[in-house]
Amino acid sequence: MPTRKTPITRYGRVRKILNEAAADSTADYGGIGRFWDHGVKRLKEAAIHGVRLIAPEPEQTKTCCGHTTTTAPSGCSRGAASMLVHGLKGEAPFDGSRFPRLPWGGKAVSPEDIEFISNWIDDGCPEDDHSHTIEPGIQRRETLPVRLSVHEIAELDLAAKGVRAPSRPGELRQRGNLDCMDEEELKRLGDAFRYLYSLNDWPEDIRSYNNQALIHQNHCQHGWERFLAWHRAYLYEFEQDLQDYDSDIMVPYWDWVMPQYRPDCAQDGWIIPKSFQAFLTPEQAEKLIAGLNPSPSAAQKQAFRQLAGQKQLFTSQSVFFRYVYNTIGYRHVTPQADDANRQCMIDALLASNPFWYPLRFPAEYGGKTINEAIHYHYPSANDIQQILSLNNFRDFGGGSIYDASFGFLDQNPHNTMHIWTGGMNPYYGDGKSYEESCTSACPPVQNNTGERRNSMVRAGGRRFHSRSDMYSQPQYGDMFSNLTASYDPVFWPIHVNVDRLWWEWQRLNPSATPVELDAILSPWNYTVRDTLDAARFGYEYVRSSHFIPVGLNAPIGRIISKPIPVNELTQGFRKAEIRLHWVPQLIRSCFIRVFLNQPGADAKTPLQGNPHFAGYLSIFGHGACYGGPGHCDAPPPRARDYDHRTRNHNTPRNHRIDVTGCARKLLADGAGKLQITLIVIGADYEEDVDLLKLEGVSLNFLD
């Protein structure tokens, strides 16, 4: 008599699909092995590195009208919400950002089979569709949810270099410290500057760099209360032009009083940020070698290539040309504006660094210090503290038209930094050679200012700055005059720092404002009142920030970052804080504890006396929904046009935790790196692994 074949159960088919896809793969998924092969009970509870694979059963709740409704936690079907289905499709977090696509080391599952598995989950993951079917090998014992030990939890990577936290409605963008930016961030900023330079070919395009510079030439406000407000609007408008090219760009600030600038002896410090100094790229070095006439010797060619390979920096063109003439030994170049070899070298330097500018002679005053030549002193940290201690806007930012007062911030440091970066050209006038012994000093400063008035930077006839201007030999650098200062790229980080100082002073003096709040800031339609709150323009200031993407697709109970290097420039921070970005409303209340450099921390880790415990925050849970279907769904990031209702009660939030004390102590003890561990603690003081979702975590250092 023929044997009747027992039909395979749906769960059996799920196993068959996954085993065939996994084939000979030896992946053990963090120690749980082929989780689909150990019975439905364990499959429903299985989690890989804290990511639960099967979504919880839908909750039944009563609406305000007394009706019962069943809604999956995510607002979609249980199958579609399950990470197993996401993983088989190769969707986050199984898209390579945190984990590879499921099954690991196998082949992709067909869309039809994925749909079958999703439907099986929607139907409650039945283990035995046929009562007479016995699936051998299945262990039906009661088991605890599959969890991983601490050492098996993956460390989350930082975002790729140059990538910032995603911008969400109501979340401020960050203007960072120029000297704390990495190479990729500087490259992206430089590319945006090059884009605005390229628009100079269309003279009527208001976005072009020339036209933006002309705004300052024709409309700038100095010496009274509109100085700060006008420049805040100007910086914002320029930043928007950069963001037309790259929406992630924020203009950084140059903090002149950081230790590397040695304010007490500034001529021996960095002079200007290294990112704004002259250097040659290997590509431009080759073009330079090919363009020089006569051709350099073999040794000189090697010296140019070595200079580029080591990315040797020069604070100004005069320092660079003296190096070429006296150290490399290529002497077929003179300070004359029409010297072809000099022009070739300037072209190569401009092409190598979009932030370098040839009409800039920082800290050069004919062999004198700025104090000796101009009777100004480089601003110190003490100067800044005294200015921030002022308690009225007239003294800090300038007086109104009725008392015409110059603000302290406008004088020193602002005016001083213009003079410091502009400098005096040592090859103006009689400069015949770059030989060290023949270097001509700047003409001595005259005591009679009336006689000096016409020796300032030439502005007439320079409606647009052109390449021929770049070859000229003016007596003073462009930053020396308000009429030409904004042609120099260093103008922007200097003024962003001025704005930052106002931003900090405003937090100390929230009621201190200019007198004429309704005055229009030409050439725009902003009023002074419009500029009082920097948040309206969508930015804040941080020294540096490190973003760790997590993803909203799956809940996570524990976050462990990879160690984050904290360099010496960053370690002078005033405040350190960890931010949780875009956290949807939680259904249950919880605590989130933060540990630094203690990746093994868990719910039982002591807090008292623990130098690694950095702080905590509490999040109040939403509780069960009392509304109908969709009532408690997370709202879209932006409302519809003309939807002017108040903020949705379930709008995701951002959270901040001050970790200054812990971070400072660990770094002072020589840590050099900070590793973040976040633990989600439920109301029962146990870890809650199925609750928290968030877009990412960031570690931020503030000045």
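Which residues does His655 touch, not counting residues up to four places away in sequence? The views below come from a predicted model, and the opening one takes up this question.

View 1. His655 lies in strand β13, which covers residues 653-658. Not counting residues up to four places away in sequence, His655 touches Ile578, Arg579, Leu580, Val583, Leu617 and Ile619. The relative accessible area of His655 is 17%. Buried means under 20%, so His655 is buried.

**View 2. An open sheet of four strands.** The strand order is β8-β15-β11-β12, and the pairing is antiparallel. Two strands form the edges: β8 (558-560) and β12 (613-619). Each of these edge strands pairs on one side only. On average, neighbouring strands of the sheet are turned by 15° against each other, direction ignored.

**View 3. Strand β15 and its two partners.** Strand β11 (residues 590-596) is joined to β15 (residues 676-681) by six bridges. These two strands run antiparallel. Within this pairing, Val594 stands opposite Leu678 of β15. Three bridges join β8 to β15, again antiparallel. Here Ile560 stands opposite Thr677 of β15.

**View 4. The two faces of β15.** In a regular strand the side chains alternate between the two faces of the sheet. Ile676, Leu678 and Val680 point one way from β15. Thr677, Ile679 and Ile681 point the other way.

**View 5. An aromatic pair inside helix α8.** The whole structure holds 45 aromatic pairs. In one of them, the ring centres of Trp230 and Tyr234 are 4.9 Å apart and the planes stand at 40°, so the pair is tilted. Both residues lie in helix α8 (residues 226-245). Four residues separate them, about one turn of the helix. Trp230 and Tyr234 are both buried.

**View 6. An aromatic pair from helix α8 to a loop.** The ring centres of Tyr236 and Tyr526 are 6.4 Å apart, with the planes at 80°, so this pair is edge-to-face. Tyr236 belongs to helix α8, whereas Tyr526 sits in the loop between α19 (491-508) and β6 (539-541). The pair therefore ties together parts that are 290 residues apart in sequence. Both Tyr236 and Tyr526 are buried.

**View 7. Two arginines over aromatic rings.** The charged end of Arg175 sits over the ring of Tyr539, 3.6 Å from the ring centre. Arg507 places its charged end over the ring of Trp503, 4.3 Å from the centre.

View 8. Helix α11 spans residues 317-328. Its buried residues include Phe320, Phe321, Val324, Tyr325 and Ile328. Gln317, Ser318 and Arg322 are also buried. The buried residues of α11 pack against α10 (298-309) and α12 (340-352). Just after the helix, Gly329 takes a positive phi of about 90°.

View 9. A disulfide is a covalent bond between the sulfur atoms of two cysteines. The count of disulfides comes to zero. Cys344 has a relative accessible area of 16%, so Cys344 is buried. Cys632 is at 23% relative accessibility and therefore counts as partly exposed.

Notes: Residues numbered from 1 in each chain as written. Predicted model: local features only at pLDDT ≥ 70, side-chain atom pairs only at ≥ 80, totals over all residues. Heavy atoms only, no water. Pairing = 2+ DSSP bridges. Axes fitted to C-alpha atoms, helices over the stretch in contact; angles between N-to-C directions. Phe/Tyr/Trp six-rings, centres within 6.5 Å; stacked < 30°, edge-to-face > 60°. Buried < 20%, exposed > 50% of the residue type's maximum accessible area, 1.4 Å probe, protein only. Lys NZ or Arg CZ within 6 Å of the ring centre and 35° of its normal. Contact = heavy atoms within 4.5 Å. Disulfide = S-S within 2.5 Å.
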